[in-house]
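This report describes the fold and the side-chain pairings of one protein model. The sequence and structure are shown first.

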Amino acid sequence: ELLQALQHEDGLKGHLKIFLGYSSGVGKSFRMLDEARRRKERGQDVVVAAVQPKVSLEVQKLLEKLEVLPLKKYPSGTAMDVARILKRRPAVCVIDGLAYNNPPGLRNPTRWQDAQDLANVGIKVIGSINIQYVEELAAQVEEITGKHVTETVPISFIKSADEIEIVDAPPEEPIERSPEQQ
């Protein structure tokens, strides 16, 4: 912890951990937020800067145990409140859905770029993304699934992560989703 504090003060690059899922509903958000909960219980300063608009009951229970910063509202949408995060200066910042685009006119056009900026000032960033949102894989995934995505993250950002945790549903536990979740 002392080393982390010293690195934080010296302005050294933070740490980027990505929970990478094969598809929606495999448990990325739960695993990521459960890690945030454990870190908080160990005394780390953790904030959640962004979550998916719709979450499961299990994820909601985890969020109730964490400090969640509201998204900032703009005339053309919402985005993480990066200025508030920088002022708050948490040790760990959790960002669900790294592929989201920010409203026009913000410093960064995408959430993943905001995450990169936070890591570059020494904040440990833990985020999530599905493979279908990786820019270089989006066309291949669309051929397989028929789902077209417009919000993407370059693979170079994924490769820049200090840690990548692959999340996939165990084959013995098939996920059943309602039509609105697919």
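## Contacts and overall fold

Of the contacts between residues at least 6 apart in sequence, 70% join residues at least 24 apart. The model is predicted, and the protein comprises seven helices and eight strands.

Buried residues account for 41% of the 182 residues. The protein exposes about 10,400 Å², of which carbon and sulfur atoms supply 52%.

## Aromatic pair

The structure contains one aromatic pair. The ring centres of W112 and F157 are 5.1 Å apart and the planes lie at 50°, so the pair is tilted. Because W112 belongs to helix α5 (residues 111–120) and F157 to helix α7 (residues 155–159), the pair ties together parts that are 45 residues apart in sequence. Both W112 and F157 are buried.

## Salt bridges

There are 12 salt bridges in the structure. In one of them, K17 pairs with E163, with the closest N and O atoms 3.6 Å apart. K17 lies in strand β1 (residues 16–21) and E163 in strand β8 (residues 163–167), so this pair ties together parts 146 residues apart in sequence. K17 is buried, at 6% relative accessible area, whereas E163 is partly exposed at 32%.

R31 and E165 also form a salt bridge, at 2.5 Å from N to O. It links helix α2 (residues 28–41), which holds R31, to strand β8, which holds E165, across 134 residues. R31 is partly exposed at 35% relative accessibility, and E165 is partly exposed at 24%. A network of salt bridges links K17, R31, E35, R39, K124, E163 and E165.

Within helix α2, R37 and D34 are three residues apart, about one helical turn. Their salt bridge has its closest N and O atoms 2.8 Å apart, and both R37 and D34 are buried.

Terms used: Residues numbered from 1 in each chain as written. Predicted model: local features only at pLDDT ≥ 70, side-chain atom pairs only at ≥ 80, totals over all residues. Heavy atoms only, no water. Helix = DSSP H or I, 4+ residues; strand = E, 2+ residues; numbered from the N terminus. Buried < 20%, exposed > 50% of the residue type's maximum accessible area, 1.4 Å probe, protein only. Contact = heavy atoms within 4.5 Å. Areas by Shrake-Rupley, 256 points an atom, 1.4 Å probe, with all protein chains shown as cover. Phe/Tyr/Trp six-rings, centres within 6.5 Å; stacked < 30°, edge-to-face > 60°. Salt bridge = Lys/Arg side-chain N within 4 Å of Asp/Glu carboxyl O.
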